[in-house]
Amino acid sequence: MRWVDTVHAASVVLAKLPAQGVWAGVTGRGPRPVDLGRFLTPYDIESRVFPHFMAVMAPSQLSLYGVPIGVFRSNCVWVHAGLAQRLGARPESIVEWIDWLDRASALVPHPLGLGREPWQVCLLFEALVLGLCGVDFHRQAFGMGVAEALSAPCMRQALVVLGSLRRFVADDCVNHSWHVLARDVQAGRCAAVVMGDWLRNEFDGDPPKSESTAAKWLMPGTENCYLYNVDYLTPIVVPGQTLDRGGLAMVARALLDADVQGQFGRAKGALPAVRDATGLPVDIEGWRLLHLSSLNPDLLVPSMTFEQATPRGMRDAIAMAVKRFFFHRAGLADTLEAIARAGSLAH
């Protein structure tokens with residue numbers, strides 16, 4: 001996606017890309033991301049940016065092809081606070097969450113919100129895999145494309161659970177966008193929706209006021225990990241154009257500034273990708289996990305759905321199989337076979 005505004009050099013435009021999009025540009029032909037590591041000091045990068053988001057799979061430790069501007073947590077369940085209070089204790093496992101949705105059916109006709117964007121059902125499936133099968137399994141299946149993981153009984157279990165959720169979803173859900181789902185949660189027309197913390201932007205009022213009608217839980221079974229996706233702002237240059245190195249460095253430093261990252265986080269419901277941005281009134285537990293991630297990398301799990309560590313062809317193949325299974329009633333065996341085949345696209 002090409003940015004509408006140019007930065008200080010007319011030869012450069014900004015692209016908003018996921019991690020895989022940045023890397024594909026680096027290794028491809030034509031317009032290419034600029035290595036900002038050439039214009040920044042090691043302090044600008046190594047000492048401030050969280051290691052997971054610094055290099056974007058770059059070949060050099062000090063390469064920075066995309067400035068990470070917002071880190072979003074994807075393993076979230078947004079619930080209507082009033083309905084949740086009537087339903088009692090917060091579920092602590094996938095089994096308890098399904099029971100919670102069952103009881104919510106007595107209060108609203110379709111307690112689980114799901115919409116038309118393909119990534120919605122893909123994210124729901126990914127969160128189920130993470131909650132049922134764990135971080136190691138998720139990494140092997142979606143990060144490494146290990147054939148044994150993609151065809152494992154645990155993958156079958158996650159699909160079976162996904163299929164069991166159909167009864168909680170409205171028949172016309174394919175007509176709804178994620179913006180509509182936010183209003184449905186806020187108004188109590190549905191009890192829960194699985195979506196990242198960016199959904200907070202759809203609620204009226206400041207965060208304390210919003211929490212009176214909507215509350216954010218973590219997907220049961222995934223409380224101690226951070227399923228993330230990151231937006232990168234990436235300068236793009238066409239071969240043969242002259243770069244304004246000073247302008248590029250100035251733009252990159254501005255994007256890495258703690259105040260800029262903090263303001264973006266407050267506006268978008270995201271956490272900053274730099275460690276010295278403080279005072280954010282969002283997801284304190286997530287902020288703690290980001291700081292601990294240098295000591296324990298397993299706390300951070302890159303999202304398959306949003307192309308953080310899964311090749312696009314593999315992601316698209318899995319997403320299409322899951323979509324056909326959920327919306328078009330494709331068979332379980334055929335879906336498992338399609339997911340297993342998708343692994344060949346990871347290598």
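This is a predicted model: local features need pLDDT of at least 70, side-chain atom pairs count only at pLDDT 80 or more; totals for chains, interfaces and linings use all residues.
Residue numbers start from 1 along each chain as its sequence is written, and side-chain values use heavy atoms, with hydrogens and water left out. Local features need pLDDT of at least 70, side-chain atom pairs count only at pLDDT 80 or more, and totals for chains, interfaces and linings use all residues.

**Exercise 1.** Find out where pLDDT stays under 50.

*Solution.* Start with the term: pLDDT is the predictor's confidence in each residue, from 0 to 100. Next, take the chain: the average is 85, and 89% of the residues score at least 70. Then look at residues 1-10, where pLDDT stays under 50.

**Exercise 2.** Work out whether aspartate 197 is buried or exposed.

*Solution.* Helices (H or I, at least four residues) and strands (E, at least two) are DSSP runs, numbered from the N terminus. Now the cut-offs: buried is under 20% relative accessible area, exposed over 50%, partly exposed in between (1.4 Å probe, protein chains only). Aspartate 197 has 2% relative accessibility, so it's buried. Its contacts (heavy atoms within 4.5 Å) beyond four places in sequence include Phe72, Tyr226 and Asp283.

**Exercise 3.** Which strands pair with β9?

*Solution.* Pairing takes at least two DSSP bridges between two strands. Go through them in turn:
- β3 (residues 32-33) runs antiparallel to β9, with 2 bridges.
- β4 (residues 67-73) is antiparallel too, over 6 bridges; here phenylalanine 72 faces asparagine 229.
- β10 (residues 300-302) runs parallel, with 3 bridges.
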